[in-house]
Amino acid sequence: MEKRLLIPKPGRIIALALLVRLVMAIHVTNHEFLVGEGRVLADVASNLATGRGFMLSPEMLFPEREDNVRHSGMHSAAFEFYRRVDGFYGVLRPGVETTFFVPGYILFEAGIFLLAGVGNLAAVRVVQLVLLGTLSVAAGLSIARRFLKGWQLALAGLLMALDPFTIYYEAVPATQALFMVLFLLGILASLRALERPGALPAALAGAVWGMAYLVRPAAAAGAGILFVFIALARAPAGRKAMRLAASAGAFAVILLPWVMRLHDLTGQWRITPTQGGVNMWEFNGRIFSRYFTDELEGATLLYEPLRQEYLGRLASPGLAEFPAFTDEPEYVRDDILNERTAEFLRANPVLLLRLPLLRFVDFIKPFPLNPYPLVYLLAGAATFGVMLLFAGGGMALLVRTRNTCAVYLVTLVAAYMLMHIATASGTPQRVAADYPVAIFTTAALTWIAGRLRGARRRLGA
């Protein structure tokens, strides 16, 4: 009985998560804290909230000051490039209705601006930390309790409540915090749909994945794998068809207004924003282009050796350079960048192996590659660094149970990771999967603890 009292209950873990995030909220509202590319989303949200439309302000191409003096060359070159092609990131056209971003996070941010004042990033940070962060921990615990109990559940919950990476990104005015809670709710809804066969749970799961897609399109992995699991379930064909139609239909209904808007602005039927092409160039071609100069230490450490190895012997090196755009619309730029990147990789097939290996390192690294205070490095090593040692074993153990929900969770997380490693990856893309990784780690530690107890009993005998 005494041992049980020492195990923190889920409610207390959620309370701890809330307390930690309240402290962080007080800190970030009283000190300078990273804004980064969140200022672009905030500008579009501000324009939307003030009735100027879903667009980037032209003045965003003319920043008032350089945020990173140590890398002023990179900063100056980037904005000179943006102005030359009349597009932020080379594609996002200022002053016109944009299709560069999916609308979910911008609508969320615009709603906060309407309530708390346009441009009030402090309010965004507080909502993300206190509300979304606490909801994420609660959702993570609800997922974990399907596979863990007792001290194992408490350990997984503590890893979630105190994970420095998720807390950090919950404090940044960008898509990660909103996407993470929707990603976890999508998993939770999918597990319920698999546990309780029926059209309504399947439709709910599809709708949640649709909402998550409108924050980050990577949510398509969760929806697609759910559809596969429903199709492969042991059930009469008619029932499976009904559940699949309900789930896919709800997903499609959520995306319909976005798809119609894309068609109105581009004349094309598509569901992807016009951000994909520049992301593909950024993680494949840019490394070998003239724009890779005065980079942050992390990018230099990761990519400079490969860059030096291949410069001078690349096939079709011109395809790695950014096109000389003038007044092309965003969707045309997106199509051209996707085509050029695909052609560049076909011309240099060995890079199809080498670049994903580097992206794998960037995805799983337990601490930032850029210079950070020692406490940041130690926190990363003590949390995600430890989880990396055991997560793979935990995934294998859950698959061995042949439990449908366990296999779904492992398959989804593996697909989510592989999708990013194949295209564009880093800590910001990884954090949504950190809580499932905590579950895998705890499952492995549970197995190890059981083996150790068994060994002690045999030795005692």
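Analyst: A pocket is an open set of grid points with protein on both sides within 12 Å along at least five of seven lines, and its volume is the space filled by probe spheres set on the points. In this predicted model, the second largest pocket has a volume of about 270 Å³.

User: Which residues line the second largest pocket?

Analyst: Its lining includes L194, P197, F229, R234, R243, R402 and V407, and helices α11 (220-232) and α18 each supply at least two of the lining residues. One of the lining residues, R402, follows α17 and has a positive phi, near 60°.

User: How far apart are the end C-alpha atoms of α17, and what span should its residues give?

Analyst: At 1.5 Å a residue, the 27 residues of α17 (374-400) should span 39 Å, and the end C-alpha atoms are 39 Å apart, which agrees. Even so, α17 has a kink of about 45°, centred on F390.

User: What do the buried residues of α17 pack against?

Analyst: The buried residues, among them G380, F384, M387 and L398, pack against several helices, including α7 (150-161), α16 (351-364) and α20 (434-460).

User: Which residues of the largest nonpolar core touch the most other members?

Analyst: Of its 125 residues, these are F88, F101, F179, W209, F322 and Y408, while the largest share of the core, 14 residues, comes from helix α9 (176-195). Beyond its neighbours within four places in sequence, W209 is in contact with residues including F183, I187, F251, Y408 and L412.

Conventions. Residues numbered from 1 in each chain as written. Predicted model: local features only at pLDDT ≥ 70, side-chain atom pairs only at ≥ 80, totals over all residues. Heavy atoms only, no water. Helix = DSSP H or I, 4+ residues; strand = E, 2+ residues; numbered from the N terminus. Expected span 1.5 Å × (residues − 1). Bend = angle between axes of the 7 residues up to and from the residue. Buried < 20%, exposed > 50% of the residue type's maximum accessible area, 1.4 Å probe, protein only. Contact = heavy atoms within 4.5 Å. Core = buried A, V, L, I, M, F, W, Y, C linked by side-chain atoms within 4.5 Å. 1 Å grid on protein atoms, 1.4 Å probe; cavity = no way out; pocket = protein on both sides within 12 Å on 5 of 7 lines; lining within 4 Å.
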